[in-house]
Amino acid sequence: MSRLTRCALAVLASGLACGVETPDELAGRLMREYATVASDAEQRGATAVRGQDGWIFFGPELRHVGVGRFWGADAAAVSRARRPDQADPLPAILDFAKQLEAIGVELILVPVPPKSLVYPDPLSSTVELPNPLPRLDPFHQEFYDLLRREGLTVVDLLPTFLEDRAHPDGPLYCRQDTHWSGVGVVRAAEAIAEIVRNRPWLDALDTRSFSFEWHSTVIEGDLRRMLGDETLAREELRLRRIENPGPPETPVEPDPASPIVLVGDSHDLVFHGGEDMHAKGSGLVDQLAYELGVPLD
């Protein structure tokens, strides 16, 4: 990590029905349904759960949504961590933030909203979902509030994703893959960039403009492979490829000296890493470079 680093972005794999039920009541029923579906899939040895209209969901994600409170005194009962002392995510997050603060780096935490909370419609069969869809994640909200009280910056993407879930360029998540779609990664980058642009150190940087081009690609999603259904047509996505202005146009390479370090799971790599990550030049690190005018580490 460069000594010039000013910011670390951690992106991790984060209405009323009939005029009667509150969002919390709806969330409770949805959580119970997801817990049942996840348990049934686990008993069958299945990781992928088939929904309607070609949608496929990740069983462990459904379990996570269904367990409720996952930190503090409740962590040990619901965590799959092999060591009980590692069950609670809160101490690790706070410790990481303090380590970064000690060297002058701010942690901005960006939880990836569960796909099943943005698009419950193709999966839920017992909960009547209102339109517009409210957020149905009371425990995530509680956890984010706790982190904020501890002084962390949390970029909560779920309101943005719920608002744009009927985006004209397609869903914000892949139907057949665990990750956000090309449209979703752009919306995530736009929301993150709104926060980072307010940092005074960004004004002192030499920024530049990158070009982009929208294109379509066909992928074989990881959930499709897990499901093992070869009769299911592969998914077509729209991607925004980011490039240095040409000619010749070239990909934006990550910069080890960048003041911004992107830390996270495969949501950081999808559409950037190529091969099983489906494409290059169109991932979160690429979109943030375009939005902020600087390559990231």
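Analyst: Two strands pair if DSSP finds at least two bridges between them. The model is predicted. With that rule, 3 strands form an open sheet, with antiparallel pairing, in the order β6-β7-β8.

User: Which are the edge strands of that open sheet?

Analyst: The order of the sheet is β6-β7-β8. An edge strand pairs on one side only. That describes β6 (211–219) and β8 (250–251).

User: How many bridges join β6 to β7?

Analyst: These two strands run antiparallel. The number of bridges joining β6 to β7 is 9.

User: What is the bridge partner of E243 in β8?

Analyst: β7 and β8 form a hairpin, with 5 residues between them. Their pairing is antiparallel and covers 2 bridges. In β8, E243 has as its bridge partner P251.

User: At what angle does α11 run to β7?

Analyst: Helix α11 spans residues 284–292. It lies across both β6 and β7. Its angle to β7 is about 50°.

User: How many residues of α11 are buried?

Analyst: The buried residues include L284, V285, D286 and Q287. L288, A289, E291 and L292 are also among them. Helix α11 is largely enclosed by the rest of the structure, because the buried count is 8 of 9.

User: What covers the buried residues of α11?

Analyst: Both strands and helices take part. Among the helices are α8 (182–196) and α9 (200–203). The strands include β1 (7–11), β7 (235–244) and β9 (260–264).

User: Which residue follows α11, and what is its phi?

Analyst: The helix ends at residue 292. Next comes G293. Its phi is positive, near 80°.

User: Is β4 mostly covered or mostly uncovered?

Analyst: Strand β4 covers residues 106–110. Of its 5 residues, 4 are buried. That makes β4 mostly covered.

User: Which residue of β4 is the bridge partner of L9?

Analyst: β1 and β4 pair in the parallel sense, over 5 bridges. L9 has its bridge partner in β4. That partner is I108.

User: Which residue in β5 does I108 stand opposite?

Analyst: β4 also pairs with strand β5 (residues 153–154). This pairing is parallel, over 2 bridges. The residue in β5 opposite I108 is T153.

User: Which helix supplies the largest share of the lining of the largest cavity?

Analyst: The largest cavity has a volume of about 70 Å³. Two helices, α2 (59–67) and α6 (138–149), each supply at least two residues of its lining. The largest share, 3 residues, comes from α6.

User: How do the residues of that lining divide into nonpolar, polar and charged?

Analyst: The lining of the largest cavity includes M31, V65, F70, L117, L136, P138 and F139. H64, G68, D137 and H140 line it too. Gly counts as polar and Asp as charged. The division is 7 nonpolar, 3 polar and 1 charged.

Terms used
Residues are numbered from 1 along each chain as its sequence is written. This is a predicted model: local features need pLDDT of at least 70, side-chain atom pairs count only at pLDDT 80 or more; totals for chains, interfaces and linings use all residues. Side-chain values use heavy atoms; hydrogens and water are left out. On a 1 Å grid over the protein atoms alone, a cavity is a set of points where a 1.4 Å probe fits but cannot get out, and a pocket is an open set with protein on both sides within 12 Å along at least five of seven lines; lining residues have an atom within 4 Å of a point. Grid points are joined across faces, edges and corners, and a volume is the space filled by probe spheres set on the points. Buried means under 20% relative accessible area, exposed over 50%, partly exposed in between (1.4 Å probe, protein chains only). Contact means heavy atoms within 4.5 Å. Axes are lines fitted to C-alpha atoms, for helices over the stretch in contact, and angles run from 0 to 180 degrees between N-to-C directions.
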